[in-house]
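Thanks, everyone; I would like to take a few minutes on one helix pair and then on a couple of other places in this chain. Please have the model open while I talk.

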Amino acid sequence: MGNRVAREDYEWVYTDQPHADRRKEILAKYPEIKSLMGPDHRLKWIVCMMVTIQFLAFYLVKDLDWKWVLFWTYAFGSCINHSMTLAIHEVSHNTAFGNNKAMWNRYFAMFANLPIGLPYSASFKRYHLDHHRYLGGDGVDVDIPTEFEGWFFCTRFRKFIWIILQPLFYAIRPLCINPKPISQLELTNVAVQLTFDVLLYWFWGAKPVVYMLAGSMLGMGLHPISGHFIAEHYMFLKGHETYSYYGSLNLLTFNVGYHNEHHDFPSIPGRRLPMVKKIAAEYYDDLPQYSSWVKVLYDFIMDDALSPYSRIKRKLKGDIKQE
């Protein structure tokens, strides 16, 4: 457990990310893919159902013994809350109401944020679009771990702890890498979320609040679904910076596993990404891919060649237009 990872820096490259060129090539060959773009009108109803389920769960756990509160927090609440963060990911691409109703998407994301407990949706939108536009961009893409993470979490045990603490590092990275002025939408997100949290405690006590907040932390930490954090962009094979996963957990995660397809076509809702792979199969079938997020987590911890430094990074050139 004490073996140190040999890597001492990121994988620096001097080429552009591959997704823009592949998108152009695929669209030239298969222009019908454009018909897959646009909002997914089922998404808002699925999100409303998930929020309703968590509200019902808040009511049910308020009278349970603490041991059962904690059990259901990990067994159920963590899955729903992690899935809800990926619903917010979908909405950040305007797939709930379309680009013509951008603010509807922003406020709907705040509604989806309620069962998570922590104000998240407005800030996520700002940073996530930078991640797409400037994948691996030094000082811009906050999906890249900090220097401290790469330096310190360099043994199997420390990588295990790092995975548990993923929610913490995702929260503080923007402040370290690419701090931005607080927007009015972020203030609104905070006000709405804190009001909801206080009302939840006021009416139903501490147990639903613990179920909500602990479910979010556990679901994004050491949890099978959180394998997607590592699977998406950590360099398991030299030179490959985006990987897709085609396993059953896509059913809970709005097909976020179709990650090459998503970065190639971020305006296509997750529900339609399997159709992209089917139409343009020759572009995706031979790319490295996963069938298990749990195995991704295990391999990341146990492989002494992998660490938070295992990311492709690039210096950005020209004008940088951030959200």
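Where α3 meets α10, the α3 side consists of W66, V69, W72, T73, Y74, F76, G77, S78, N81 and H82, and the α10 side of A206, K207, V210, Y211, M212, A214, G215, S216, L218 and G219, contact meaning heavy atoms within 4.5 Å. By class, this contact has 11 nonpolar, eight polar and one charged residues, where Ala, Val, Leu, Ile, Met, Phe, Trp, Tyr, Cys and Pro count as nonpolar, Asp, Glu, Lys and Arg as charged, and the others, Gly among them, as polar.

Before the geometry, note that this is a predicted model, in which local features need pLDDT of at least 70 and side-chain atom pairs pLDDT 80 or more, while totals for chains, interfaces and linings use all residues. Residues are numbered from 1 along each chain as its sequence is written, and side-chain values use heavy atoms, without hydrogens and water.

The axes of α3 (residues 66–92) and α10 (residues 206–219) come within 7 Å and cross at roughly 50 degrees, the axes being lines fitted to C-alpha atoms over the stretch in contact, with angles from 0 to 180 degrees between N-to-C directions.

Residues 68–87 are 100% helix and 0% strand, with end C-alpha atoms 27 Å apart.

Finally, N255 sits in the loop between β2 (244–245) and α12 (259–264), and counts as buried because its relative accessibility is 13%, buried being under 20%, exposed over 50% and partly exposed in between, with a 1.4 Å probe and protein chains only.

Notes:
Helix = DSSP H or I, 4+ residues; strand = E, 2+ residues; numbered from the N terminus.
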